[in-house]
Amino acid sequence: GGGTTKDTVSSASPAAPASSAAAKADPNAPIKEGLKLAFLPKQINNPYETIVDKAGIEAAAEFKGEAKEVGPSDASASSQISYINTLTQQGHDAILIAANDANAVCGPLQEARAKGIKIVSYDSDAAPECRDIFINQASSEEVGRSQVKLLADMIGSKGEIAILSATANATNQNTWIEFMKDELGKPEYKDMKLVKVAYGDDDDQKSFTETQGLLQAYPDLKGIISPTTVGISAAARYISGSKYKGKVVLTGLGTPNQMRQFVKDKTVEKFALWNPKDLGYLASFAAAALASGQITGAEGETLKAGKLGERTIGAKGEIILGPPFTFEASNIDEFDF
Amino acid sequence: MSGPPTLALANVSKSFGAVRALRDVSLELFPGEAHALAGENGAGKSTLVKTLAGVHRPDSGQVLLGGEPVTFAGPADAQQAGVAVIYQEPTLFPDLSVAENIFMGRQPRTSLGRIDRKAMHAQARRLFERLGVTLDPEQPARGLSIADQQLVEIAKAISRDARVLVMDEPTAALSGNEVARLFSVVEALREQGCAILFISHRLDEIFSLCQRVTTLRDGAWIASEPVEGLTHDDLIRRMVGRDLDALYPKQDTTAGEVALQVERLTREGYFTDVSFQVRRGEIVALAGLVGAGRSEVARAVFGIDRWDAGSVTVAGRPLPAGSPTAAMGAGLALVPEDRRQQGLVMELSIERNIGLTGLRSLRRGVTISRAAERDRARDWALRLQLKFGRLSDGVGVLSGGNQQKVVLAKWLATEPSVLIVDEPTRGIDVGTKAEVHRLLSELAGQGIAVLMISSDLPEVLGMADRVLVMHEGRLTAEISRAEATEESVMSAATGRAA
Amino acid sequence: MTTAAAPPEPAVRARSARNLVDLVFRARELSLVIALAALVAITAGVNGNFLSGQGIEDILLNTAILALLAVGQSLVVITRNLDLSVGSVVGLVAFVTGDMLASGWGMVPGIVLGVAIGAVCGLLNGLLVSFCRVPALVVTLGTLYVIQGVGHFIAHGRQINAVDLPPGLLSLGNGSVLGIPYLPLITLVVMLAIGYYLRSYPSGREFYAIGSSPEAAGLAGVPVRRRILVAYLVSGCLAGLAGVLWLARFGTVIADSANGWELLVISAVVVGGVAITGGVGSVYGAALGALLLTTIGSALVVLRVNPFWQQAITGALLLLAISVDRVLALRVARLLRRRSRHG
Amino acid sequence: MAKVLRWDVMVGVLLVAVFAGGSFTSPGFATIGNLSFALGDLGEIALIALTMTMLVVAAEVDLSVASVLGLSSALVGALWDGGMAIETIIPLVVLVGALCGLVNGLLVTKLGLPSLAVTIGTLALYRGLAYVVLGDKAVAQFPREFTALAVDDVPGTFIPYPVALFVLLAVVVAIVLHATGFGRSLFAIGAQEQAAFFAGIRVKRIKLLLFVLSGTVAAFAGVVFTLRYGSARADNGMGIELAVIAAVLLGGVDFDGGKGTLGGVIAGVLLIGLLRNLLMLNDVSTEIQSIVTGLLLIISVLTPRLITALKPALSRRRTSTDQVGPESALKGSP
Ligand SMILES: Nc1ncnc2c1ncn2[C@@H]1O[C@H](COP(=O)(O)OP(=O)(O)OP(=O)(O)O)[C@@H](O)[C@H]1O
Ligand SMILES: Nc1ncnc2c1ncn2[C@@H]1O[C@H](COP(=O)(O)OP(=O)(O)OP(=O)(O)O)[C@@H](O)[C@H]1O
Ligand SMILES: [Mg+2]
Ligand SMILES: [Mg+2]
């Protein structure tokens, strides 16, 4: 028919290039004092996000800026949007957001940028045309592939495995899972079979019972990857108290404080994570640099990030924090977060 | 009448907003006497009852128990003091068993404080035997007919072994048999020294049961005097303040063509093979004992319930089963027996209630005309001598009888061609009853077909051109006006004659 | 007296009718048990693990907290009220108790604190509903927000970790006696006690009376307000206890434990045959409802149903349960009517 | 005097107070940009509140609205992704919403099940179907001319299109509810269903219609939601049923049916929305916002009741001091 279909418009709406491309970066500009930054996490009350944002807020003090954390109590895109609007009205210099939905937050973020507010996304990206920079905790590809490698090492690249994710719609989770599937397609993993992706909704109790279900439904399960801090700790807790302890290998992304106990009692051998404090720190500096005109978010520019040294902006305005770090019994006690 | 009265009111006044329901009323109830309380609808009888029961606190004046002033903080206090009350409207727990309804709060207990269910059921059974009722104590109260509900209320009250038994229109839903039983039980209680306060709009009952009578008019005390030596007319004059015309003024009319034809109507479990017809200008009474299935027939004809077999024809056109809207469209109106649940929306105002049956006719364009609605309500309120403050008042605050008038108004306003009235004068005072009767016969005179269900035998005999009698779900007799007598109707109703 | 003259058969007829009614009322719980048995049988047939010791233990443990909340809720629903705040009470209690225990409180004071917080929340709801006569739904929706807010305010993004908790508490959550885990045992004891009280004591019956007709209850001298207050108090206390048990079972809590459970608890109560309009039902039914809902959830996972289908199927089964029950009740009522007339 | 005591009027007064207080204390509050956004942000809740009001007045409730919204959003995404024209998608999806409502309505009217129970069930069912339809995907890139309809203001005003549509519908619903026979029927059904049935009102048909309307509007709200955020997801609108109910209750509609005004509900929706907006602008944290919302609900029902409870005491004092009060004038001599 003559209606508006996806195909008729997809060419008509090219992703608008970042408006700041027109502006010129001045690498020597000083960081302005008294910059006002606002962290907008996926949801407050998520301990992981709290660590990240706290570090970011502390970092702001280093360059004499002010930062705060606001956010919804549920991890939904719609409630984040009300906050974006409010922050825009309040006139901040930069908004740092861990987007619940890459596209849904786009419109309001564009409005904020139209008012000269810089947008930094961290943890979970917004659509590239709606933000200036994305601080990626680790390359998504690397996270996905390394998780598979980690597990494969521990189970001898053989057997049924499952993934315990957060919510079905979490952007970062789904990207990682895509890379995991891709990695599993390689010949060296031909004996590993992904039997199920379960969703624990980043809810402790739901993740706990989902783990139960997985283990019952797939008695031959050899390993579980849970690339979410809530999921991995809940799964570890269930396994440590059940007959599956020692039979099923669990790995994923978790914080050392949550996992210490389970590493000690040998429920979990290894898991990975970047340093969330560094993530917040880096995001904070990136926002400041943007707001001060040091960088514009264009590929190839260099960000001076305090104690973290310098980082180069990659394709699509992405800065990568670094490779994930693997925690195990020998090193876990060196960390406290 | 020596010694102090068991329970008394001294100069009690009670107002609800602008309505002064009781003004300076005094009343004394002595042990061993049955005391009647008479008055028109809205005279303040139920308010007085509720004051005695601790539901209302008097604005001024006192309640005296054994000569001493008391303050009842709530119904529980009054019960504690030995006052048992049957309220005008049944107050049952539909989800609980009949026995639990009777004994709520004072169930027989075992030594451990647990409820002794066996003993409770046995006691309930004994109570029903005393009242001559076949009710199962273990059945849930939901689904009981109004009459059965009333009987449970009576059982509840007499089981309290109270010093004072207050009964607000206990007989309004009952027919002769049950009333006789009730009276014999009450008589026995009275002889044991219980004080009785009895309210009824059936004056015969007052004369046959009570020794003294107190009359109220517009909330004010008129007289307290022995019943002996008093005539019906005396009592009516005290209540109404003037003389009344004949009570049953049905004139003979010539019946026209058939307006309502019911053919072999059956609803399984309720009634079987009911056939009759009502002609224009005719008043046909449907008589029978409580639970005979009369109300069920009316409900089915009007489309409230579906019937299983048979047909209903109005003015030659068959009616679909189970659609009150279609029935109304065909010119039918049903004044239901349970005004609280079926007749009125208690939270809505008088005008809205009366308007509810005419939502189509009150329309001006798409919206309802408030003026038309108010006119319609005022018109009928005046014709039925409704006692009200404002038309925008909720019907919930009206007295029982006045509520009944609103139900009548609501249906008469539809100008039906066939009017079914189920216990139309239940709880209505003598004056208004005459008014309703005059109205019904006037309507019949205008060519409306009237089917009247009534448990009031004098009313049936006085009003009906023909009497249909039901017994256990079947039509057992059709008696012409000439042959209708108390004996002939009762024997058909009890199933003694075919 | 004419007792002797009373014909005996109406009584007999009524009696057989009543037995049938009784059967239906029991069948309300019976049909739940049958549905449960069928579900378990099918699932176990497909996957034997479902009925392994671990499998049964998991289901019982998962049910315990929901059932405890359902028992408290049904007490409130029986009085024709509703308590939407239970979920947030669990969240608040689990966090605050965890916080205190982590900071060195003893186990007993911790548990007492948890139940006490629940009691205060229940008392608040109860006072507002019974003494201020504010509609239950509005009040408890309001306290849902308030209590949730307070919980989040206290937690402020922190997390309680299992390592910080006394081992005694954790073993309460995961340990067992004679092979039966503590949690379901606690729920069972609470359920039996409340169920017995409701059925066998005059004051217990008054809860049903209030739900059946609040006005009539007032006129019958039932202390309506006090009973409603007690219902909320018990619901609050049980929510508090559930919060403590939640902490014991999961060890790791943030402020939003049981977030959004209010509708889940009400589903359990409704599936268990407690009428939302009050006056009907039993705590046993409610607990069975919780068990059924939990089992459906577990069974769908074990049956390897696509996770995207799970919620839809759960919803459909819930509808099926209440519809079948209703149709059955209507059928029997009709049967009864025919019998009582033609019998 | 009596009018002021009414709950819905109270809410209206509170709304004005919040607005006035907000414009005074927060410079960003009474700006066109902010108000336009705040209003737009209420769009879906406000739309659904309209049909919810009618349902609650008729003593029913529909808890599945948020799930219908989610299902509708998921369908929009899936069909759009599948290449269907958006002009076809919208009516189709709204039709599905009507069907969802029909299922609710049939279960309630044909089987006589309580709507609270039914819609808790369909709440899970419809949300589940949304996941079945779209799974974990999020579909975006909707044509600008359609997303603009959901975001942009009506030319020359600061009123977004969905809000304009809401105003239009609100007027229609207000007339239907408060001035037509249909509206009268709803109040009668809610207050005393049996009496309404006896008065020839087609109770079941009306209830069925209400549920269908509720589903239809919820599905339409789902379309608006999807276009406004430019993102179709199965979890859109999760949990807003309680927000809608809160607004309706705050607006003074009696959950037992038979009482309430649409004006009160609209004031309730606005009050919750603007207050939240104001609190956010003042950096009040989410926790405190939640507490304030809860307290507001409780206080708004509590105050009128406390005043009514105190009134007899007050008026008694008045009548005793002032004998020739209005009542004696009304009633004549005693
Ligand atoms: N709760 C109330 N609020 C306001 N007015 C009331 C209330 N209860 C009764 N009234 C008014 O008080 C007056 C007396 O009513 P009451 O019920 O005592 O009359 P009654 O004598 O019992 O009449 P009936 O014979 O019709 O039952 C009536 O005008 C009635 O409208
Ligand atoms: N809603 C109901 N549900 C179940 N049974 C009912 C219901 N209403 C009445 N019944 C039963 O149906 C039978 C017929 O009652 P019905 O009300 O028709 O009798 P009736 O002749 O009108 O007598 P009355 O109205 O004086 O009680 C009775 O046994 C009654 O208990
Ligand atoms: Mg009366
Ligand atoms: Mg009858």
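Predicted model: local features only at pLDDT ≥ 70, side-chain atom pairs only at ≥ 80, totals over all residues.
**Entry 1: who touches whom**

I began with chain A and chain B and found no contact joining them (contact means heavy atoms within 4.5 Å); their closest C-alpha atoms lie 37 Å apart. Residues are numbered from 1 along each chain as its sequence is written, chains are lettered from A and ligands numbered from 1 in the order in which they are written, and side-chain values use heavy atoms, with hydrogens and water left out.

Next I asked myself which chains share the most contacts. Of the 5 pairs of chains in contact, the answer is chains C and D.

**Entry 2: chain D against chain C**

I looked up this interface and found 41 residues of chain D in contact with 40 residues of chain C. Between them, chain D and chain C bury about 3,400 Å², 83% of it on carbon and sulfur atoms. Buried area here is the accessible area (1.4 Å probe) that two parts lose on being put together, summed over both. On the chain D side, I120(D), L242(D) and E287(D) lose the most area to chain C, together 16% of what that side buries.

How many salt bridges does the rule find across this interface? I got 0 for chain D and chain C, where a salt bridge is a side-chain nitrogen of Lys or Arg within 4 Å of a carboxyl oxygen of Asp or Glu. Polar contacts come to 3 residue pairs between chain D and chain C, both residues at pLDDT 80 or more. For the record, a polar contact is a pair of N or O atoms within 3.5 Å; within protein, one must be able to donate a hydrogen and the other to accept it, and residues adjacent in sequence count only if both atoms are side-chain atoms.

I then listed the helices: α4 (86-111), α5 (115-134), α11 (240-250) and α13 (286-321) of chain D each supply at least two residues of the side that touches chain C. The largest share, 14 residues, comes from α5(D). Helices (H or I, at least four residues) and strands (E, at least two) are DSSP runs, numbered from the N terminus. By class, I noted 28 nonpolar, 8 polar and 5 charged residues on this side of chain D. Ala, Val, Leu, Ile, Met, Phe, Trp, Tyr, Cys and Pro count as nonpolar, Asp, Glu, Lys and Arg as charged, and the others, Gly among them, as polar.

**Entry 3: chain C against chain B**

Here the contact takes 31 residues from chain C and 35 residues from chain B. I noted about 2,900 Å² buried between chain C and chain B, with 54% of it on carbon and sulfur atoms. The rule finds 1 salt bridge across this interface: R205(C) pairs with E100(B), and the closest N and O atoms are 2.5 Å apart. I also have 6 residue pairs in polar contact between chain C and chain B.

On the side of chain C that touches chain B, α1 (9-46), α7 (182-200), α8 (202-212), α9 (214-219) and α13 (307-342) of chain C each supply at least two residues. Of these, α8(C) gives the largest share, 6 residues.

**Entry 4: two magnesium ions in chain B**

I opened the magnesium ion (ligand 3) and found S46(B) (OG) and Q88(B) (OE1) coordinating it, at 1.9 to 2.1 Å. S46(B) lies in helix α1 (residues 45-52) of chain B and Q88(B) in the loop between β6 (83-86) and α3 (98-103), so the pair ties together parts that are 42 residues apart in sequence. S46(B) and Q88(B) are both buried; buried means under 20% relative accessible area, exposed over 50%, partly exposed in between (1.4 Å probe, protein chains only).

The magnesium ion (ligand 4) is coordinated by S295(B) (OG) and E337(B) (OE), at 1.8 to 2.5 Å. S295(B) lies in helix α9 (residues 294-302) of chain B and E337(B) in the loop between β16 (332-335) and α11 (339-343), so this pair ties together parts 42 residues apart in sequence. S295(B) counts as buried because its relative accessibility is 13%, while E337(B) is partly exposed at 22%.

A reminder on donors: they are N, O and S atoms within 2.8 Å of the metal (3.2 Å for Na, K and Ca), and water is not among the atoms, so sites may look incomplete.

**Entry 5: T147(D)**

I found T147(D) in helix α6 (residues 144-151) of chain D, buried at 12% relative accessibility. A polar atom of the T147(D) side chain lies 3.1 Å from the backbone oxygen of R144(D). Leaving aside neighbours within four places in sequence, T147(D) is in contact with F142(D), L227(D) and G230(D).
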